[in-house]
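Colleague: Before I set anything up on this chain, I would like to go through the model with you. Please show it first.

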Amino acid sequence: MRITKKLLLIAAACGLALAASAQTPTPAAWPDKPVTVVVPFPAGGSTDMVARAMALHMGEKLGQNFVVDNRPGATGTVGAGSVKRAPADGYTLLVSSLGAFVVAPHLLKSVPYDALKDFDYITMPVQAPNVLVAAPGQKARTVKEVIAQLKAAPGKVSFASSGNGSSDHLSAEVFWQQTGTEGLHIPYKGGAPAINDLLGGQVEFSFQNVNAVLQHIRAGKLHAIAVTGDKRSPVLPDVPTLAEAGVTGAEVYSWQGMAAPKGLPPAIKKKLSDAAMAAINDPAIKKRMMDQGLEIVASTPEAFTAYQAREFARWKTVIETRKITAD
């Protein structure tokens, strides 16, 4: 009787072990089913474009479909929260702009994840500086002239952005902070309506992602005054950086990052990061990104994790100091 009970216990233990191993994919087997890539914004934007390019290449390299799933809402936090709650098995990924990773946690009262603790950071594929652009009717052509205009009419010179807490809004806030000026922030629901009103002259200036306004600058419809990067943009070689124009400490990059739920098996994390970095460095994808003004980063998980932590701390300070809210 005792032997029978012992055998039953051994069998049950083996069954549990087999069930556990079945739920945890082995590195050699992963991926043996489609991988979901959550983009927490609508289709058609920069983040969606980066995610889809990488997903196609990674799927081809790893022999499985990488399916992009757009889950917009609440400044990217709805989609990011869904990834946080997913199993850490390599089958659910998040590709987001900096908003969900380092801005929304300080901007919103309630965020369904801890950006420092709930994700494994895989790679930051690309970044892009913002560019200070003037509407067609504006006479300012230099940073010095923009500052003079701001000082002549404190709080009245309008700056459009794609929304509260967006990188273009934060660029303006840092610019005003570093120059001792104040402008009038006009937030829009997305970059497209902000750019349309800028082109129409309803607003005077904006710090827009380089890739979003490059065609309008080249067509002479918008005037590029300075870029927010630590070096000149390869697609705007004649446009100075803010630092070159005399405004230091105002470097801002918009960036995209890939992450997974915390606890990813190390071997799967390595396969993921290798495939992601290979995707963004693929010659065709790389050229397409760079032609639009995006800069290739393709950071390692360790480098991206450290960068996310620095950006998280930086934007926390800016948002608190400038009293920026989501409203």
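Modeller: This is a predicted model. One definition before we start: a residue counts as buried when its relative accessible area is under 20%.

Colleague: Then is Ile-285 buried or exposed?

Modeller: Ile-285 sits in helix α10. Its relative accessibility is 8%, and the cut-off is under 20%, so Ile-285 is buried.

Colleague: Which residues does Ile-285 contact, leaving aside its neighbours within four places in sequence?

Modeller: Helix α10 is where Ile-285 is placed. With neighbours within four places left aside, the contacts of Ile-285 are Ala-53, His-57, Ala-279 and Ile-280.

Colleague: Where is pLDDT under 50?

Modeller: The average pLDDT of the chain is 92, and 92% of the residues score at least 70. Where pLDDT is low, the predicted coordinates should not be read in detail. The stretch with pLDDT under 50, which has zero contacts beyond four places in sequence, is residues 16-22.

Colleague: What share of the contacts with a separation of 6 or more comes from residues 24 or more positions apart?

Modeller: The secondary structure comes to eleven helices and ten strands, and the C-alpha trace spans about 95 × 40 × 30 Å along its principal axes. Among contacts with a separation of 6 or more, the share from residues 24 or more positions apart is 78%.

Colleague: Which residues are the closest to the centre of the largest pocket?

Modeller: The largest pocket has a volume of about 1100 Å³. It is lined by 48 residues, and the closest to its centre are Phe-41, Ser-162, Gly-190, Gly-191 and Asn-209.

Colleague: Which element gives the largest share of that pocket's lining?

Modeller: By class, the lining has 17 nonpolar, 26 polar and five charged residues. Elements that each supply at least two lining residues include α2, α4, β7 and β9. The largest share, six residues, comes from α8.

Colleague: Which residues of α8 are buried?

Modeller: Helix α8 covers residues 210-218. Just after this helix, Gly-220 has a positive phi of about 80°. What covers the buried residues of α8 includes α2, β4, α7, β7, β8 and α10. Those buried residues are Val-210, Asn-211, Val-213, Leu-214, His-216 and Ile-217.

Colleague: Which residues does Ser-233 touch, not counting those up to four places away in sequence?

Modeller: Ser-233 is in the loop between β8 and β9, and it counts as buried because its relative accessibility is 1%. The C-alpha atoms of Ser-233 and Glu-295 are separated by 8.5 Å, although the two are 62 residues apart along the chain. Beyond four places in sequence, Ser-233 touches Pro-129, Val-210, Val-227 and Glu-295.

Colleague: Why does Ser-96 count as buried?

Modeller: Ser-96 lies in strand β3, residues 92-97. Leaving aside neighbours within four places, Ser-96 is in contact with Pro-40, Phe-41, Thr-47, Phe-101, Trp-255, Gln-256 and Gly-257. Ser-96 counts as buried because its relative accessibility is 0%.

Colleague: What percentage of the accessible surface belongs to carbon and sulfur atoms?

Modeller: Buried residues make up 50% of the 327 residues in the chain. The accessible surface of the chain comes to about 14800 Å², and the part belonging to carbon and sulfur atoms is 57%.

Technical notes: Residues are numbered from 1 along each chain as its sequence is written. This is a predicted model: local features need pLDDT of at least 70, side-chain atom pairs count only at pLDDT 80 or more; totals for chains, interfaces and linings use all residues. Side-chain values use heavy atoms; hydrogens and water are left out. pLDDT is the predictor's confidence in each residue, from 0 to 100. Contact means heavy atoms within 4.5 Å. Helices (H or I, at least four residues) and strands (E, at least two) are DSSP runs, numbered from the N terminus. Buried means under 20% relative accessible area, exposed over 50%, partly exposed in between (1.4 Å probe, protein chains only). On a 1 Å grid over the protein atoms alone, a cavity is a set of points where a 1.4 Å probe fits but cannot get out, and a pocket is an open set with protein on both sides within 12 Å along at least five of seven lines; lining residues have an atom within 4 Å of a point. Grid points are joined across faces, edges and corners, and a volume is the space filled by probe spheres set on the points. Ala, Val, Leu, Ile, Met, Phe, Trp, Tyr, Cys and Pro count as nonpolar, Asp, Glu, Lys and Arg as charged, and the others, Gly among them, as polar. Accessible areas come from the Shrake-Rupley method with a 1.4 Å probe; for residues, only the protein chains shown count as cover.
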